[in-house]
Amino acid sequence: MVFIAAALLLFLLSGLCALFLNNRPATAAALCAPACIAGCLAALFPVFAVFFSGQEMSFDLLWPAAGGLRVFFTLDRLSAFFLVPMLLLSALTALYGWGYLRRERNSESCGRQWFFFNMLVASMLSVFLAADGLFFLFCWEMMALSSFFLVVSRDEEESVRRAGFIYLAASHAGTAALFVVFAFLAAAGNSGGFWNSAAFPGPGTGVLRVLLLSLGIFGFGMKAGFIPFHFWLPRAHPAAPSHVSALMSGVMIKAGIYGILRMFSVTGGGEVWCGAALIIAGICSGILAMLSALNRRDTKSVLAYSSIENIGIICMGTGLAVYAASCGGTLVCLLALSGALLHLFNHAFFKGLLFMAAGAAGKSCGSRDPDALGGCAKTLPVTSSAFFLGAAAASGVPLLNGFPGKFLIYLAAFCGLQLKGSGLLLPSTAVIAGLSLSGCLSLACFTGLSGIVFLGKPRSRLDRPEEYSALMGTAMISAAAACLFLAFAAPLLSFSICGAVSAVFASTDTASAPGLADRLAPLSCASAWAFALIAAALAAKRLLLRRRKVSFGETWNCAYAAADARMQYTSASFFYPLRRTFTFFNSRRSPAAVSKTIFFPGEYEGNDSRRIGAFRTFLSGIAAKLEVSLSCLRWLQQGRLHIYIMYIMAALLALLLWKIR
Amino acid sequence: MNNLYPLFNVIIALAAAPLMFGVINRIKAFFAGRKGPPLLQLYFDIWKLLRKGAVYSRTTGIFFRLAPSAGLIAVLTALLFIPCGAYPAVLFFPGDMVLVVYLLGAQRFCMLLAALDTGSSFEGMGAGRDAHFSVFSEAVLFLCLAAMSAASGSVSLNGMLFTAGGRIWQVSPPVLVVVVFVLYIVLLAENYRVPFDDPNTHLELTMIHEVMALDHGGPDLAMLEYAAALKFWILASLPAGLLFPHGMKPDFFGNAALFLGLIALTAALTGALESCAARLRLVKVPQMLTAAAALSVVALIFLAK
């Protein structure tokens, strides 16, 4: 408890100091980044204690100055499971951000950025700890606002402002739904110890329960960003600085999953239709997000879509677990939720790593368009190795940490197929098909992306790019080491995973199912075996070639030796076959818009960015309708401060009158 | 001694896998009225390549050198989970089929990056097409595995092909024939055979697998060819394992001969098909694989009922 209070204080104080150091960005960074890292490490002590021992802690802070406001914290096994990746990744991104912001040209906003960064870390820490409805909502809103200000840190660009606005609108729509849910709960139950099941309307209450569950899924889903609540994510993540996008994608969107899991734990495991809805949303996210990613010409945008895909995988696991719990498939439920949680844990590290590497490559090369880059692997060894490692994990290569979580979800689905007559046939088949399709698409996407950006020859005549900063390199190496460690360490996590699962499904008996560690151990052995054999094979090849001639030449281009770097395959050409197959889902660019020079296609006009068209039209249609129908209330919005203060006074007065009535 | 039999089966696979490409080529030669290369041609090629030096493109980096070894190890690891007729696999655990498919995916990951590492448009083209087709073939393979799992009541390859023995055929023989057929389609697609890719083509623009091996040479190429042969063996083992006559209760040598015969039969069928059919247009390939996926879903529904 002392550690957590100290960490929160560190975040807040250093952030406030940074606000006053706005004209001294170097000092602000040197103060805030170490403070943030120290705070994260301090908070890790109690979190690790709960993570490994499983004994939950709860405490409350009394704040006399605020009229005896009492704030309740609970650190149980579910929050500890989310807090470990959150704190570790926050420390890594703070280190990375220190190097990233150091040479920022527009240094005026640096102090402000550090303030909001530390606020974001503090609010995420509190979100996972809050046991009190009002306090939870307060932290949730702090998290949304501080990340919004970080997204718009380059607010001189029109596209960034637009992305920020959409993010703000989306997260407020979600929070509005959460307000309704929490108000109902507060009215039904007592105030302290918020996540209590007594307050939630039971299974017999019909419409009210359905309404609250759907509002909860909507509100938390807006933060998690699975389809159809994803639209803010591919805009906000590329617009934010890379360390912030790493943190948002690695951890912040998981707060949505955390909320959904808490809600299921309160409602005694949710309902069948919640499971079905989550499975459908997960499959749509897994497949459609990767198809959209194929059309992106910005590395960070592709990564943002990949985050949607991974949230989709987590949703599939969670949905299958909820579905199975109501069908009596205890083992399926356990495996599916464990898989979802394990994937969530691993995704934080490999996606954080990928965003950091993409940001570093973008800074070094001055562009994030894959088709303008190429061949950076030789000049940027650290960044490129980090990206390749992350890409391999994201494609589900079994030697790395992206695989064990998916494996458990597959295993759950295969076990679901065995339970004949339980109604699990359809969801299990859907999950197997969805997981395999999204897995193959992400393999295609990540090989293409990393190959085009880092391999081959440089496509534009840039100066020789260099590693941007040693601090960023250190952060990337640490995250890569974490990914490698987690590839072997999955069985070590099984105790904490089981704890988190039993926190969600209190009724399922985790002890009755055979140990999770035994199921994950073969994967770790296979990884170790394969790594050892690869090393042996490389050594054998070296031995074979020791006394032989190893010469160097040109790449075979049908005997054409003067191939220009611009003739290489680009990401557009690499993904063309896939895009062509899935044109029914994308709108097509009219070929007439491409003007031709003698050999190469020239500049083209028109819109190449293909989106999930129908959904977009639907959303903007709603927005336009709302704008028209609400325009009669414009007179309220006078734009003068004293009028707004008058509104507040009037509201308070009205409330007072209502109270003393 | 009995416990060592699975290991002997792996050794037989390691030794006999390159033979299958010889069988395919002999059958094709027979259909074309030629004499054809010797059955052991791939062994000679691999032996010769292993004794050569290496030539690397200056554009390439570490990936190009790493990929053939890493790909071979991925396939080798996958081989350990494949049961061989009346004998179990060397290793098995619940869910091992997922690991096997993802190990084959890992091999593809290495190959695609090695192809892009050369900076050649032709290799990029092959890699793009491979990435495209694999999206479909891997999903179809998973659906087939789901059908087999539902029919056999087991969640490991060993359980589906070995422990369940012939019992799997008591569920619904006609439906299982469909599964075998779809597995054969996956075998053709994953091994880049006609009608998905023509290994005999001599135009870089039309190749998939061959074009990705263009810049490899020496021991690297040997590992790559050997990995391709092992991959053929692994994927042929699935339909062969389903069709294996468990009722005969063969002894070790009989089992090995029967299993080898079944895989050689698969190879011969592939050779015959390649002699009679032409390659599909590239845009038709996803349609064919989608049809295979539909078949496997139907099979799954019948088998899991």
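## Strands paired between the chains

In this predicted model, A:V550 stands opposite B:A54, a residue of β1(B). The pairing to which strand β3 of chain A, residues 550-553, contributes is a parallel one, with 4 bridges joining this strand to β1(B).

## The contact between chains A and B

Contact between the two chains involves 63 residues of chain B and 68 residues of chain A. On the side of chain B that touches chain A, at least two residues each come from β1 (54-57), α3 (62-79), α4 (96-117), α5 (121-152) and α11 (285-304) of chain B. The element that gives the most to this side is α5(B), with 18 residues, and by class the residues of this side of chain B comprise 38 nonpolar, 18 polar and 7 charged.

## Two packed helices in chain A

Within chain A, helix α3 (residues 77-102) packs against helix α19 (residues 494-504) at an angle of about 130 degrees, and their axes are 7 Å apart. Because of this angle, α3(A) is oblique to α19(A), and their crossing is left-handed.

From α3(A), the residues A:R77, A:L78 and A:F81 meet A:S496, A:G499, A:A500, A:A503 and A:V504 of α19(A). This contact is made up of 5 nonpolar, 2 polar and 1 charged residues.

## Confidence in chain A

The average pLDDT of chain A is 87, and 90% of the residues score at least 70. Over residues 588-592 of chain A, however, the pLDDT is below 50, and this stretch has 5 contacts in the model beyond near neighbours in sequence. Residues 606-611 of chain A also stay under 50, with 11 contacts beyond four places in sequence. Where pLDDT is low, predicted coordinates should not be read in detail.

Key
Residues numbered from 1 in each chain as written. Chains lettered and ligands numbered in written order. Predicted model: local features only at pLDDT ≥ 70, side-chain atom pairs only at ≥ 80, totals over all residues. pLDDT = per-residue confidence, 0-100. Contact = placed C-beta atoms within 7 Å. Nonpolar A, V, L, I, M, F, W, Y, C, P; charged D, E, K, R; others polar. Pairing = 2+ DSSP bridges. Axes fitted to C-alpha atoms, helices over the stretch in contact; angles between N-to-C directions. Parallel < 35°, antiparallel > 145°, perpendicular 65-115°, else oblique. Left-handed = near helix turned anticlockwise from the far one by under 90°.
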